[in-house]
Amino acid sequence: MMIANISRKKLPQNLVSAGISPTASIFFSLIALPLGLTAPVLALEVQFNPASPRLGDTISVIVNTENSPSANNIQVTVGKETYPAYQTAPGRFRAFIPTTPLESPGRRVVQVTDGQTTRNKAIFVGNRNFPVQRINLPPGKAGVRATELELRRAREFRAVRSPERFWNGPFIAPSTARRSTPYGVRRYYNGVFAKDYYHRGLDYAGASGSPVVSPAPGRIVLVGRVAEGFRVHGNVVGIDHGQGVASIMMHLKDISVREGDFVQAGQQVGTIGSTGASTGPHLHWGLYVNGKSVDPDVWLKTGVE
Ligand SMILES: [Zn+2]
């Protein structure tokens, strides 16, 4: 049937002029058809969004399992890291791969498996020039050190993975104040590049006592105070938005929520302060995806599903 539909006028000229018989030409042109028309449909279709990410972006790995209806345990792996995939619709799963300024740009191979079928698909992560700050500290002054308690609580905050997705659509800014320090800034201390440092969030330079709201719905999973030992974070609130996405609000003056509370987007969680390692009133908002601080910008502008 397909052969009958192929007009001989459309046969590749190079085959015809090479003296290959019309029958042979039809045979060759069938082979040359785009794979999608003749190959069996793949059990796992994998797409990336954005298709051309840059460092700091959140990569959505979208897996279509319509042709593999038994697939319900999708695993997404890059190198040694495995990322949880959540069902977003019938026959559709999504995992988030966070990227950060600490990584090298370039090609990664994303492995997607349902336990039976495995697909490997490459993605290229582009470079991005982050702003640089040069900090000069007097000799012997190393700055404030985090306590064991706040390190442990911060680790636990980054490890939270809840299966529900609480957000829907774009996030809202947690403060109406002017943004002071952008995401991803790198630093030199006394002329030495701090290779493990990048600014893990956005700063808002608001007046002390001005409101800090939740950028999206979520569960309060962390409330910490200076008095308990949060020397670096200061008074801090952590919000779990679900599916590995979470916000941390640092250097707060007051806190108006408790652990376990559920908050809506726009609901106040505290006020701007200068507690912890801070040199003036500001909010530090960190957006974490699967434990890594990503650029919140696209989450604010268009949203990430
Ligand atoms: Zn900050």
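Modeller: What follows covers the ring pairs and then the charges over rings. The model is predicted, so local features need pLDDT of at least 70 and side-chain atom pairs count only at pLDDT 80 or more, while totals for chains, interfaces and linings use all residues. Residues are numbered from 1 along each chain as its sequence is written, and side-chain values use heavy atoms, with hydrogens and water left out.

The structure holds 10 aromatic pairs. Rings of Phe, Tyr and Trp (its six-membered ring) pair if their centres lie within 6.5 Å; planes under 30 degrees apart count as stacked, over 60 as edge-to-face and the rest as tilted. Phe-130 and Tyr-183 are edge-to-face because their planes stand at 70°, with the ring centres 6.1 Å apart. Buried means under 20% relative accessible area (1.4 Å probe, protein chains only). Phe-130 therefore counts as buried at 12%, and so does Tyr-183 at 2%.

Trp-167 and Phe-171 form another edge-to-face pair, 6.5 Å centre to centre and with 65° between the planes. Trp-167 is buried at 1% relative accessible area, and Phe-171 is buried at 3%. Ring pairs also join these two residues with Phe-96 and Trp-299 in a cluster.

Trp-167 has a charge over its ring as well: the charged end of Arg-165 sits there, 5.4 Å from the ring centre. The term requires NZ of Lys or CZ of Arg within 6 Å of the ring centre and within 35 degrees of the ring normal. Lys-121 likewise places its charged end over the ring of Phe-48, 5.6 Å from the centre.

Conventions: Buried < 20%, exposed > 50% of the residue type's maximum accessible area, 1.4 Å probe, protein only.
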